[in-house]
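Colleague: I have a few minutes before my next meeting; could we go through this one together?
Modeller: Gladly, let me put it up.

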Amino acid sequence: MNAPFRADGHGHVDRDITLSFTFDGTAYTGHRGDTLASALLASGVHHVADSIKYRRPRGILTAGVEEPNALVQIEAPFPEPMLTSTTVELYEGLVARGLSGQGRLSSEPDSARYDTVHAHCDVLVVGAGPAGLAATLTAARSGARVILVDELPLPGGSLLGSQERLDGAPSAAWVSDVVAELDTLPDVRVLRRTTAFGHYDDGLVLALEKRTDHLGAAAPEHVSRQRIWRIRAQQVVFATGAYERPVAFDDNDRPGIMLAGSARTYLNRFGVLPGRRAVVFTTNDSAYPAALELADAGVRIAAVVDAREEVPAHWRAACDERGIDVRAGHVVTGTSGIERVSRAHVAAFGQGRPGERQGIDCDLLLVSGGWNPAVALFSQARGALRYDAAIGAFVPAQALACVRTAGAAGGNFTLAGCLADGADAAARALSALGRTGGPVALPATDPLPDAAPGRVLWRVPSPRDGADGSHQFVDLQRDALVSDVLRATGAGLRSVEHVKRYTTIGTAHDQGRTSGVMTSGIIAEALGVDVADMGTMRLRPPAVPVPFAAFAGRNRGELFDPVRVTSLHPWHVEHGALFEDVGQWKRPWYYPRAGETMDEAVLRECRAARTGVALMDGSTLGKINVQGPDAGVLLDRLYTNMMSTLKVGRVRYGVMCGVDGMAIDDGTVIRVAEQEYLLTTTTGNAARILEWMEEWLQTEWPDLRVHLTSVTEHWATIPLVGPRSRDVLALVAPELDVDNEAFPFMSWRDTPVAGIPARVCRISFSGELAYEVNVPAWDAITVWKALIAAGDSFGITPYGTETMHVLRAEKAYPIIGQDTDGTVTPQDLGMSWVVSKKKPDFVGKRSFAREENQRGDRKQLVGLLPADERTLLPEGAQIIATSDIPAPPVPMLGHVTSSYRSDALQRTFALALVRSGTQRIGETLYVPLDGQTVAVTVTEPVLFDKEGARRDG
Amino acid sequence: MQLIACPWCGQREETEFHYGGQAHIAYPEDPYALDDEQWAQYVFFRDNPKGPFAERWVHSAGCRRWFNALRDTVTHEFLAVYTGATPPSTTSTAPAAPQRKGQEASR
C-alpha cells in the first residue's frame, strides 16, 4: 500500500493515472493532478526538510503558493532549486529532495525555451475562484476583450478545496459551465497555470505561465517551458482570494501542523487525509467546515479548540452530532513531538494568560488565525491598504481608477458574497470603460447561518515561566521567532519595515504571506499601539519567485542584444579578423597572420600604413545627412567652427560641444550641395548626436528649415591609407585626377571606383596620405576587393581598429569618450584652432569664457613617454608627481587615456589628461604600477610627424 | 511601466521615450549679457518641485519629436501633454512659470 492516506470519493486527481516519483531517495507514487506535497501526504510523509537556521524538522503548512516550509530541489528531469512542493505538479519520473532553505543552481545549461507574449485587453481578471469566474463571465458577456489568468491547472480556486454547493449541486458543475461558455467567446482568453506576479502603472500586469513543467521529461521541445505574459489591461480585477494565517505558540513549527483551510484543500482537491487524529485550533468560524468535512472523511477530530468565549450554536451542534469535543475559550499553548507533532497542549485562555495545560494526542494540528486578503498585486501599483479590525487584516482602502479587487481579496469571505462581489466589480469595470453588461444570473449558494466574528489573536503567550517567545516561530522559512521581533522592538525599532530588515521576516521566497500581518500585530502589541497605525510591510513585485530564464525569454545568447555588422563583415571573417565590440557593432580589431601575436599583428599593420598602403572598414562611422536652406546656419550653431563657409566639394573637421563647453563629438563635414551637408560622428555616438541635433532644431530653432536623416548604414566607408594609397586609387578610379593639386587635402570628388559610383574624400585619421572611399553599402565588397587587387603589388594590408587607434594617437587625434570624459574642452585637447573666433555664438561658446574654463590648472591632453621604452602603461592608470607613493589621500594629477606600442616611434607611448599639462612639457611624472612607480616624460601630444609633412604623400 | 501619450502617436510605453528635463528654459537671447552666475543658472540649475512639473520629453523610439508634459513628480501621473509654450490652461494645477536669474532675457 503506497498511499495509505488517500481518501476514497474525494478529490480531482485522476486515479487512473499513477505517476512514480522519488523523494529524498525513496520511491513513491501519486496521481495526475497531485502536487508533490499532496502525493507526499498521501504516502504519509510530512517531514520535508529541516529549517535553515535551527535545523528543526519541518513539514507542509499549506496547500499553495504561500508555503513557507516545504521547499524542494528538483533534480530530474530539469534541475531547479527552491520550489515549493505545494505548487510543483507531479509528473512521471520526478526526482526531488527537501531543501533547508538554500538550493543549488544547475551546473548544466538550461536547454528549455522561454518566451514572452504581449497581450492587450479591456478587462483582466486575476484568479479563477468564485469571484473571478463571476467577474469574467460578466465582463465576457458584454463583448469586452477579457483575459482570465489563474495559477492552478483547474479553474475553481477555493471551490476546489471545499464541499460547498452551487445551485444544489457540486460546484464543479457550475465552474465547468462557466468555463465552457468562456471557451466559446472569441475575445476571451483563459490562461491556466499562470501566476500574475507584478502589477505596474497603467494596467500593466506581468504573469508567468508554466506551460510544460507539469509534463516532466515528456515536455515537447518545441513548446516554451515558461512564458511571461505582459498584459496591458484597461481595467483590472484582482480576485486573488485570501491566505489563511497561523497563530504563534510554543513549538508551532513541527511537521503535522497545518493550516485548517489547507487540510480542507488536501481532502477536497486531492483526496488526501493529512492525518488520522487531529486537533483543530481556531479563532474564527472558517475552521469548522474544515473539521467537519475531515471528520466525515474519516479523520478523528480529537478536539476543536476555539479561542473565542462563545462558539456559534450551529457549529457546536454540528460538532456534537459527530462527537467532536469543542473547547471554547481555550488555546493551544504548545506541542510535543519529534519528527511529527504527537500532542497539542491545550489550556483555558482567560485573562489573556493561559491556564493549566492539558495534552491531547494527535498526529495533525490544524490552525486558523483568520484570513489575510491577498492584496500584494493590488498594492504593488500604489493601491492603498487599510486595517480592518474585524478580520485582523489589511484590505484595499478603495478601488483605483482602473484597478479593483473582488471577493476574498477585498475581505469578503462568504461564497455568496464572493460571487456577487465578482459580478459587481466587473460591472463597475465595464461602466468605467463606457460599456454596459447585462446582469449575470449567479448560482444559488447553500443557506448559511450568519458568520460570527472571529477573535484577533497573533500569539498565545507561553505558559512557561520567563518565556520570551524564543520557541514561537513567526517566519518559518527564515527561522525568525517572536523573540526576534521583541528584540527588534526592544532595540528601539518602531517601523514594521525596520523590523522586517532586522529580523528578515517576510524576505523569503513566500514574501511573508503567512508571517507579515502577524508580525505587524506582534509589534503593535509590544509597542502598545494600534495595528492600523503600525501598517504592514510594503509589497513589491515579483509576488512569486520568477526564474531569470523566464525574464530573459528569447533574449539570450545571440538574441540578447542586436549585433550590427557592416556589409564587408563576411570578408573580415573569412580573412581571420578578430572583432571588437563598439556599441552594437562588430568591428575588425586586427587581422593576425598564422603564429602572430596581437602586438606583432598591430605593429605590422601600422608599418604597412606608414610605409606602404593599408585599408580598413570604416563603415560604422555615424553619418547624418543635413538638408535644407538653413542647413549651414544650424551647423554653424552646433559646431565650434564655421561650416556655412565650406565650399561644395570641400571637407572640414569639426567639434561639437555641450552648452557647458565640453566636447561631445567630433567628425568631418562635407558640403554635398548648396543646401546639403553630410557629417560623420564617432561610431558609438551616432544616435546620440542625431538626437542632440534634433533637440536643438525642434525645441530651440523650429524656424530653421532643415531636415536631419541618419544614413549610417547606407554608405560603406573604406579608408585607404599610406604613401602608396594614391597609386592604388589611381588604378581603380581611372576618371579621377589624383594629383595633389587637382585633388587636394580636405576635398572630395564623385567618381567611379572599380566601376561603382563612389564619393572619395581626402581625409586622414593617421597623418598619412589617405583617402576615404564611400560607396553604397550594397557595392562595398566589389570596391573592397578591387582595392585589395589593385594594391596587391604594393603589399596592401587590411588593418583593424587597434591599428587605427595607434596611428591616430601618434598624431594626437583624440577619441571623444576615450581621451575625453565630458569635462574636457576643445582647448584642453589643444585644439583652440577648431574654435571659431568669428562666429557671434555657438553652443558652448559662452561657457568657454567661464572662470572655471579659463583656469591654468585644468587637465590638458599631453603625451607621455615611459622612461623604459618597453613599458606599456595601462589605460586608466593614475599619474602622480613623486616617485614614492605618498600616504593617502594621494594627490592625483591625471590619468592615462590611451596607451600603445608604436612601430613608427619604436617604443611605447601614451596620451594622458594631466593637470596643467601644457605647462609640464618636459617634466618627469610617475605612474603607480604593480606596487612601484614608472617614470614618464611629459611631451607635446603629437609624437609623430609634427610638421604634418606626410599627408600629401 | 507607464503609458505616455505622445501628441502625434498616441499612448506608447515609456521605454520609447527619453526625458529632456525641465521645459520652457529658453536659450538666452544674448548669453554674453549674462555674468557667469547667470549663465551657470541657465546651464546647470533646474527646478525640482514636489508636485506638478513642466517637462520636455522626446518620443525617441517613435516619431523622434519633442513635446512638453505636465507631470506630477509625486505620483508620476501625466496631467497633460502639449506642444505649446505654456501648459494648457485647463489644468488647474499649472505650476508657476519658472523665473530665475539669467532667464528674463530669453522671454
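This is a predicted model: local features need pLDDT of at least 70, side-chain atom pairs count only at pLDDT 80 or more; totals for chains, interfaces and linings use all residues.

Colleague: What's the order of helices and strands in chain B?
Modeller: Chain B has one helix and six strands, and along the sequence they follow the pattern β-β-β-α-β-β-β. As for its contacts, if you take those between residues at least 6 apart in sequence, 51% join residues at least 24 apart.

Colleague: Where does B:His24 sit?
Modeller: B:His24 is in the loop that runs between strand S3 (18-22) and helix H1 (36-44) of chain B. Its phi is near 65°, which is a positive value in a residue other than glycine.

Colleague: Which residue of chain A has a positive phi near 55°?
Modeller: That is A:Gln511, again a residue other than glycine, and its place is the loop between helix H10 (496-503) and H11 of chain A.

Colleague: Staying with H11, is A:Thr519 buried or exposed?
Modeller: A:Thr519, which belongs to helix H11 (residues 516-527) of chain A, is at 0% relative accessibility and therefore counts as buried. Leaving aside residues up to four places away in sequence, A:Thr519 touches A:Val474, A:Val485, A:Val499, A:Ile505 and A:Met537.

Colleague: Changing topic, where are the cis peptide bonds?
Modeller: One is the bond from A:Pro541 to A:Pro542, with omega near -5°, and A:Pro542 lies in the loop between helix H12 (531-534) and helix H13 (548-552) of chain A. Another joins A:Pro888 and A:Pro889, where omega is about 0°; A:Pro889 is in the loop between strand S45 (878-879) and strand S46 (894-902) of chain A.

Colleague: How do H18 and H19 of chain A pack, in angle and axis distance?
Modeller: Helix H18 (residues 725-732) and helix H19 (residues 780-791) of chain A pack at an angle of about 120°, with their axes 9 Å apart. That angle makes H18(A) oblique to H19(A), and H18(A) passes H19(A) in a right-handed crossing.

Colleague: Which residues meet there?
Modeller: From H18(A), A:Val728, A:Leu731 and A:Val732 meet A:Ala786, A:Leu787, A:Ala790 and A:Gly791 of H19(A). The residues of this contact divide into six nonpolar, one polar and no charged.

Colleague: Last one: which residues does A:Val760 touch?
Modeller: A:Val760 is in strand S41 (residues 756-761) of chain A, and with a relative accessible area of 0% it is buried. Not counting residues up to four places away in sequence, its contacts include A:Leu729, A:Phe743, A:Trp748, A:Arg749 and A:Tyr771.

Colleague: And how far is A:Val760 from A:Ala730?
Modeller: A:Val760 and A:Ala730 are 12 Å apart in space, C-alpha to C-alpha, and 30 residues apart in sequence.

Terms used:
Residues are numbered from 1 along each chain as its sequence is written. Chains are lettered from A and ligands numbered from 1 in the order in which they are written. Side-chain values use heavy atoms; hydrogens and water are left out. Helices (H or I, at least four residues) and strands (E, at least two) are DSSP runs, numbered from the N terminus. Contact means heavy atoms within 4.5 Å. Axes are lines fitted to C-alpha atoms, for helices over the stretch in contact, and angles run from 0 to 180 degrees between N-to-C directions. Angles under 35 degrees count as roughly parallel, over 145 as roughly antiparallel, 65 to 115 as roughly perpendicular and the rest as oblique. A crossing is left-handed if the near helix is turned anticlockwise from the far one by less than a right angle, and right-handed if clockwise. Ala, Val, Leu, Ile, Met, Phe, Trp, Tyr, Cys and Pro count as nonpolar, Asp, Glu, Lys and Arg as charged, and the others, Gly among them, as polar. Buried means under 20% relative accessible area, exposed over 50%, partly exposed in between (1.4 Å probe, protein chains only).
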